[in-house]
Amino acid sequence: MATEGRKPLISGNWKMHHNHFEAIQTVQKLSYQLTSADYRAVDVSVHPPFTDLRSVQTVLDADEIPISLGAQHCHWEDKGAFTGEVSPLMLAKLDVAYVIAGHSERRDLFGETDEMVNAKVKAIIAAGMTPIMCVGEHLEEREAGVTEERVSSQVRAGLAGVTSEQVAAMVIAYEPIWAIGTGRTATPDDAQAVCAAIRKVVGDAVSTEAASAVRIQYGGSVKPTNTAELMAQDDIDGALVGGASLDPDDFSRIVQYHLAE
Ligand code: PGA
């Protein structure tokens, strides 16, 4: 479990699900389930599609719901001729707090490279938001025994040129690609081993201060039934939840893992 100073962060990545009406309903239902004790114990963010952000922001704001607004992606330039893209400044203006960078679906389906992820991480920070930088290995890489090597190189490349203080304040999500949306989860021991390796790389590549402060999430088929066990690991400070975050009952049970402690 997150040690001193690393408050757990549970994030719901809705991917391309929920239109803005459904998004409003989901976040309202979630807010009925969560209590001030939950928000004291855990930071919570939801990452709806771009078209929902304004609606969700309005609800969070009007009802004073302490859930942070998140985005799933952005471009690294402030503005320009980039048809279809959204700028970090536009997200910051909507009170977006966290932006996912380098999710494996963006890397694998939309060709995002380590260099692009690095540019996005810097741009998100420059706009005053917190990146959730995703790293993770394919099944073949795990089977070939190169998981740590793969993940380490993604971490090094993604953090290039980011200051120690900035890394300390950000979030890294370890998401083994074979566990995303498949119902297969890394065992808590395996997930812990890779998260510990990530923390070590941050120590080597950035600083020991950044390594001990950076929050590391696990993602990949997180469910109400496996959250407590994953969160009990020393180097796991949160969860990036896809499928199970679409349902407010499931997602609130995930956030409430802390009640079982
Ligand atoms: P999943 O997705 O929880 O549906 O496996 C996780 C993610 O892609 O962030």
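## Basis of the values

Because the model is predicted, local features need pLDDT of at least 70 and side-chain atom pairs count only at pLDDT 80 or more, while totals for chains, interfaces and linings use all residues. Residues are numbered from 1 along each chain as its sequence is written, and side-chain values use heavy atoms, with hydrogens and water left out.

## The ligand and its shell

There are 13 residues around the ligand, and Lys 15, His 103, Glu 175, Gly 181 and Ser 221 come nearest. The shell has four nonpolar, seven polar and two charged residues. In this grouping, Ala, Val, Leu, Ile, Met, Phe, Trp, Tyr, Cys and Pro are nonpolar, Asp, Glu, Lys and Arg are charged, and the others, Gly among them, are polar.

One lies 2.7 Å from a polar side-chain atom of Glu 175. For Gly 181, a polar backbone atom is 2.6 Å from a ligand oxygen, and for Ser 221 a backbone N or O atom is 2.7 Å from one. The ligand taken alone exposes 280 Å², of which the protein buries 96%; these areas come from the Shrake-Rupley method with a 1.4 Å probe.

## The two pockets

A pocket is an open set of points on a 1 Å grid over the protein atoms alone, where a 1.4 Å probe fits, with protein on both sides within 12 Å along at least five of seven lines; lining residues have an atom within 4 Å of a point. The largest pocket holds about 390 Å³, a volume being the space filled by probe spheres set on the points. Its lining has 13 residues, with Lys 15, Met 16, Gln 72, Arg 106 and Phe 110 nearest the centre. Helix H5 (residues 104-110) gives the largest share of this lining, three residues.

The ligand takes up the space of the second largest pocket, where more than half of its atoms lie within 2 Å of the grid points. This pocket holds about 200 Å³. Among its 21 lining residues, Lys 15, Gly 181, Ser 221, Gly 242 and Gly 243 lie nearest the centre.

## Two loop residues

Most residues other than glycine have a negative phi. Lys 15 has a positive phi of about 50° and is found in the loop between strand S1 (9-13) and helix H1 (20-33). Ser 221 also has a positive phi, near 55°, in the loop between strand S7 (215-219) and helix H12 (227-231). Helices (H or I, at least four residues) and strands (E, at least two) are DSSP runs, numbered from the N terminus.

Key:
Near = heavy atom within 4 Å. Polar contact = N/O pair within 3.5 Å; in protein donor to acceptor, adjacent residues only side chain to side chain.
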